[in-house]
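I opened the notebook to look up a handful of residues.

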Amino acid sequence: MKKSIKFNTTFLLVLMSFAVLAGIQSCAGGFNQTDSFTLILDDNFMQSIKSQASQRNAESDESVVTIAVTLSGEYSDSQSKTGTLSSLKNESFNFTQIPVRATFDLRVAIYRGEAIDELNLIYEGTQSGLTVAKGTQAVTVAMQKFLNTPIVLYEKNDNNFYNYSLSGSETFGGTDHLSFCFDNDENLYTLKLNSENSSYTVCKDGAELASLTYSFGIAPTLMVDMATNTMYTWFMEKELVLVEWPNLLTEGSAETYNEIKVVPTGDIPTYCTIYNKTLYVAATYSDSTYSDSEFMYSRIYQLDISSGANQYSLAQAMSTDLGTSDMKVSSYSEITDMLYQDGSVYLLVRDYYNKISGYAVSPDDNSYCYYSRGAIIRYDVNNKTIKTIGWTSSCLDNTNTNLYASSSGSGIYYTEQYSNEIKDDRTKWVKISSDNANMNGDIGKTIAACFPKFYVPKGLNNKNSFYGPEKFIALKPKKLIVSDDGVAFYTDSNGAYNVKNVNRIVEIDLEKFAISSDSETSVSFNEDLKDDIVSSAFTSISNLNLSSSIYTSSNVYDSTSTDSVNVSIPLGE
């Protein structure tokens, strides 16, 4: 969140003065004049730090912070001071021996604690192209506040309701609709369903805050405008409906609300976020230039709602295409989360669906696929540019993969019926071509079999790709933390191909816009996808004595019969 701070005012004052040194240095070949630069932390500055501090980590007069000032460019130097806010008041940073007419950049950073640690950064301000001049000179710096929220974890309980927990906290319940958000004071907000009257209560860090007085026909999603620190809920009916709660965060009251409707223009809104009264809406549309209806594209709309009207149209908004030539998502994909941070809107795209349960018409039939992938998209608000990371665009390579069917003479064994007889006898397994497979079934009919296409990242823990990004679960200085929920295919210790549920916590470095780290978690997030894939499509046969493992699919069908035949799919790395 950026705040433009003008110095020599009563808001977040930093007085920067330039004074010429009294002496003139002598050096070989002539005289060089040097100046000094002094930065003073006055009372207004320190009071503003306290007033803008997070309530969760409130800075009081006795809170310890480290303030670092760095000059870089034609002159480079840095200084830092550690102390309480009260003890650092009116402290100064004095830089000497700066060559006259030298140009440099200024950075002021404030950290929680006694060390310079970017993970504990709470404020940062920069100014470029400064030059020392005689006298006193006022300089304006934009100080940016950074949030450092705890990580929120979630998973479904036996009633299909979501349970939430913060780092080191007890678990608290929610609804069957996955929705949570943070405010500008790093508090977590969730929804709780009141079963008696189907109304909703907003909870703050697990404790009930206020019952929403609006009558929702559809489960709402929570979001906070970080610029104004105002709570909103939204849901989709025939239009996108926003409900503003102006007093919820400040007074804990939900008696007053403002309903705002956004009318679509043919595109279908799927998700939204808000910052400083500008609404960013992701909407889906079919691209008529692309013949396969299985693929969908999206736009992002930027709509100013500061006028206070109760209805707007997407036709009033600027839009930018989100789709790129290398990111053609399936029609089962969804945008699972959006937020604004540091001048950009970030969107999570999750493409998870098991279509192997469908009919396999031919080896090239795109309906016979398994998807477990995703991406994070960055939309630069000022430049209107799009950048994407983490996407898997192609399916796993099956070129050298063998497909087998259990066989006896001219017939096909149904492995549910004959598995005990054939599982240890490889001679009864017939290799089928990976590009075409017509087999005579033991009922005398031809059955078309093909390889499923697996659109998943390669390997068990792919550091550059997502398996199914779902939610932004924490906000950190210049980083975002994402829950990644999907399925991985991998080669196990026996050289057998296996499938594993993936539940990861992934860190995104926003300066590099790259996945910077990931770690597994025991929390299952949305669902246990491994159980889903095994029950609906695959059964492991562990002791076939083959070089790679066998998975049987009971969902390859005769075009003229509902009888099924099992084929095995050993997929090697």
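First, a term: strands are DSSP runs of E with at least two residues, helices are runs of H or I with at least four, and both are numbered from the N terminus. I am working with a predicted model, where local features need pLDDT of at least 70, side-chain atom pairs count only at pLDDT 80 or more, and totals for chains, interfaces and linings use all residues. Residues are numbered from 1 along each chain as its sequence is written, and side-chain values use heavy atoms, with hydrogens and water left out.

Entry on Y352. I found Y352 in strand β30, residues 344-354. Y352 is buried because its relative accessible area is 12% (buried is under 20%, exposed is over 50%, partly exposed is in between, with a 1.4 Å probe and protein chains only). I then looked up V456: Y352 and V456 are 104 residues apart in sequence, yet 9.2 Å apart in space, C-alpha to C-alpha.

Entry on T84. I placed T84 in strand β7, residues 77-84. T84 has 14% relative accessibility, so it counts as buried.

Entry on phi. Most residues other than glycine have a negative phi. I looked up two residues with positive values.

K277 has a phi near 65 degrees and is not a glycine. It lies in the loop between β23 (268-275) and β24 (278-285). K277 counts as partly exposed because its relative accessibility is 24%.

F525 has a positive phi of about 60 degrees, and it is not a glycine either. I found F525 in the loop between β42 (514-520) and α5 (529-536). Its relative accessible area is 0%, so F525 is buried.
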